[in-house]
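Trainee: Could you walk me through this model and the terms used to describe it?
Mentor: Gladly; let's look at it together.

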Amino acid sequence: MALRAEIRGHLDDWRRQIEEHLGHCVPSEKTPPQKLHEAMRYAIFPGGKRLRPVLTLAAATAVGGQIEPALPGACAVELIHTYSLVHDDLPAMDDDDLRRGRPTLHKAFGEALAILAGDALLTCAFDTLVSPSTGDPGRRLQAATALARAAGSSGMVGGQVDDLNTAGQQHDRTHVESIHRRKTAALLGACTSIGALLGGGSEGQVALLERFGEQLGLAFQIVDDLLDLDGTESIVGKSLRKDKPAGKLTYPGVYGREASRRKALDLAEGAKREIGCLGTDGEILRSIADDVVERSF
Ligand code: GRG
């Protein structure tokens, strides 16, 4: 219990550092074009759980690295995640009015600016990752490659396309896993591999932390599917009960609620086993894995 409280203290401190660093990544509202920068900052602040950047920092420290060189990676993954939410909420995709407890970006700024702010957040992510004057440029390049692959057509964007295309079709186990792995889990795998890379981890550590992130990412998406069914809108901060009417391919839709919950728990346990060799250095990551499957938002 005391250990969990100590870990929460670390995570709160990391979140503060992430907020501060993110503030420097995107130009201020006073910088022209003002409306664009206002929209980008509206999407980023206040944030959600900041799970992805926290995972990046946790992976960096798990391999013995410092927070500072990993911060650009942490902010880059959050910028990519935020762009994906902005675009996912658009009328052409999920057509959502509510995100992080307030109007979605296109509701507040209009559709054209939401598309462009999403584009600019995506570009800003790579600028953030490759620009710092300190740290190892070779590792940053590897991190940028990992991020591009996880976020691009073989990863998140590809998963999103298949998710849109299979809406209303027969629910199928292989298909649901393939979509969730690309749409959500690939980016979480990139978070932990980027953290390990920027934290100075060995090739083996980078690979095992990527596997940890991917398994946890799949568990995270299953919990997200369950929250869509059983969560409380004011707590989750987004519109719920949308997957079924939209004919979306989900874990509970294919396996049922109980088996889905068991699957999420098994995946989180598998992820924790994956990093067993890190011993106490993996403590924070294991605690995050528990939080992911216990979450109600
Ligand atoms: C539009 C290219 C493109 C991709 C969209 C990420 C995604 C793919 C869509 C978002 C919708 C969705 C339900 C995705 C799966 C789970 C997910 C990413 C949930 C939101 O992430 P949280 O809960 O959000 O970490 P916060 O607000 O806490 O950052």
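**The ligand and its surroundings**

Mentor: Sorted by class, the shell around the ligand holds six nonpolar, seven polar and seven charged residues. This is a predicted model, where local features need pLDDT of at least 70 and side-chain atom pairs count only at pLDDT 80 or more, while totals for chains, interfaces and linings use all residues. Residues are numbered from 1 along each chain as its sequence is written, and side-chain values use heavy atoms, with hydrogens and water left out.

Trainee: What makes a residue nonpolar, polar or charged here?
Mentor: Ala, Val, Leu, Ile, Met, Phe, Trp, Tyr, Cys and Pro count as nonpolar, Asp, Glu, Lys and Arg as charged, and the others, Gly among them, as polar.

Trainee: Which residues around the ligand are the closest?
Mentor: They are Lys49, Arg52, His81, Arg100 and Gln221, out of 20 residues that surround the ligand. A residue is near a molecule if one of its heavy atoms lies within 4 Å of it.

Trainee: How much of the ligand does the protein cover?
Mentor: On its own the ligand has 700 Å² of accessible area, and the protein covers 92% of that. The areas come from the Shrake-Rupley method with a 1.4 Å probe; for residues, only the protein chains shown count as cover.

**Pockets and a cavity**

Trainee: Where does the ligand sit?
Mentor: The ligand sits in the largest pocket, a term that asks for more than half of its atoms to lie within 2 Å of the grid points. The elements giving two or more residues to the ligand's shell are helix 4 (71-88), helix 8 (156-166), helix 9 (173-198) and helix 10 (203-230). Helix 4 provides the largest share of that shell, six residues.

Trainee: Why is a run of residues called a helix or a strand?
Mentor: Because the elements are DSSP runs, numbered from the N terminus: helices are H or I with at least four residues, and strands are E with at least two.

Trainee: What makes a space a pocket, and what makes it a cavity?
Mentor: Both are found on a 1 Å grid over the protein atoms alone. A cavity is a set of points where a 1.4 Å probe fits but cannot get out, whereas a pocket is an open set with protein on both sides within 12 Å along at least five of seven lines; lining residues have an atom within 4 Å of a point.

Trainee: How much space lies in the largest pocket?
Mentor: About 1100 Å³. Grid points are joined across faces, edges and corners, and the volume is the space filled by probe spheres set on the points. Helix 4 gives the most to this pocket's lining, with seven residues, and the lining as a whole has 18 nonpolar, 12 polar and 19 charged residues.

Trainee: What is the volume of the second largest pocket?
Mentor: It is about 330 Å³. Of its 15 lining residues, the closest to the centre are Arg15, Lys49, Asp291, Val292 and Phe297. Helix 1 contributes the most to this lining, five residues, and the lining divides into seven nonpolar, no polar and eight charged.

Trainee: How many cavities of 30 Å³ or more does the structure hold?
Mentor: One. The largest cavity has about 140 Å³ of space, and among its 13 lining residues Tyr42, Ala43, Arg99, Arg100 and Leu105 are the closest to its centre. Helix 4 gives the most to the cavity's lining, with three residues.

**Backbone details**

Trainee: Which peptide bond involving proline 46 is cis?
Mentor: The one joining phenylalanine 45 and proline 46, with omega about -10°.
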